[in-house]
Amino acid sequence: MAIICDLDGSLTNIAHRRHLLPDWKAFFEAMDKDTVNGAVRTILRTYAGVVLLFSGRPEEYRERTIQWLENNKVNWDELHMRKTGDYR
């Protein structure tokens with residue numbers, strides 16, 4: 001079994017950068033300052049199955065996203081992101 005979790009606004013607290021919208025580039029560039037939603041992180045830590053993370057972040061932010069996940073000690077198995085240039 002698996003659990004699915006979204007990043008922005010679910011696992012990450014984005015209040016500090018929400019005002020940047022609709023400038024998506026600026027919004028994503030500020031992601032490093034996000035804090036972790038501790039309650040969601042606890043659920044992911046204690047879940048015994050596969051942890052699937054999904055995000056509307058463009059693929060170009062993958063390395064920064066992984067660094068954020070590591071820095072915030074988030075358990076995960078797969079990270080699925082939007083292809084760069086996909087604006088659906």
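This report describes the overall build, the backbone and the salt bridges of a predicted protein model.

**Overall build**

The protein contains three helices and five strands. Read from the N terminus, these elements follow the order β-β-α-β-α-β-α-β. Along the principal axes, the C-alpha trace extends over about 40 × 25 × 20 Å. A compact globule of 88 residues would have a radius of gyration near 12 Å, and the 13 Å found for the protein agrees with this.

Contacts give a further view of the fold. Among contacts between residues at least 6 apart in sequence, 68% join residues that are at least 24 apart. The share of the 88 residues that count as buried is 34%.

**Two features of the backbone**

Most peptide bonds are trans, and most residues other than glycine have a negative phi. Two places in the model deserve attention against this background.

The peptide bond from L21 to P22 is cis, with an omega near 15 degrees. P22 belongs to the loop that lies between β2 (12-13) and α1 (24-29).

K73 is not a glycine, yet its phi is positive, at about 55 degrees. This residue is found in the loop between α3 (62-71) and β5 (78-82). With a relative accessible area of 56%, K73 lies over the 50% cut-off and is therefore exposed.

**Salt bridges**

| Pair | Distance between N and O |
|---|---|
| R17 and D8 | 2.6 Å |
| K25 and E29 | 3.6 Å |
| R57 and D34 | 3.6 Å |

Where do K25 and E29 stand relative to each other in helix α1? They are four residues apart in this helix, which means that about one helical turn separates them. K25 counts as exposed, at 53% relative accessibility. E29 counts as partly exposed, because its relative accessibility is 35%, a value between the cut-offs of 20% and 50%.

Are R17 and D8 buried or exposed? R17 has a relative accessible area of 0% and is buried. D8, its partner in a salt bridge, has a relative accessible area of 18%, and it is also buried. The value for D8 is under the 20% cut-off, so this residue falls in the buried class.

The side chains of R57 and D34 also meet in a salt bridge. R57 lies in strand β4 (residues 50-58), whereas D34 lies in the loop between α1 and β3 (35-36), so the pair ties together parts that are 23 residues apart in sequence. Both R57 and D34 are buried.

Notes
Residues are numbered from 1 along each chain as its sequence is written. This is a predicted model: local features need pLDDT of at least 70, side-chain atom pairs count only at pLDDT 80 or more; totals for chains, interfaces and linings use all residues. Side-chain values use heavy atoms; hydrogens and water are left out. Helices (H or I, at least four residues) and strands (E, at least two) are DSSP runs, numbered from the N terminus. The radius of gyration is taken over C-alpha atoms; the globule rule is 2.2 Å times the number of residues to the power 0.38. Buried means under 20% relative accessible area, exposed over 50%, partly exposed in between (1.4 Å probe, protein chains only). Contact means heavy atoms within 4.5 Å. A salt bridge is a side-chain nitrogen of Lys or Arg within 4 Å of a carboxyl oxygen of Asp or Glu.
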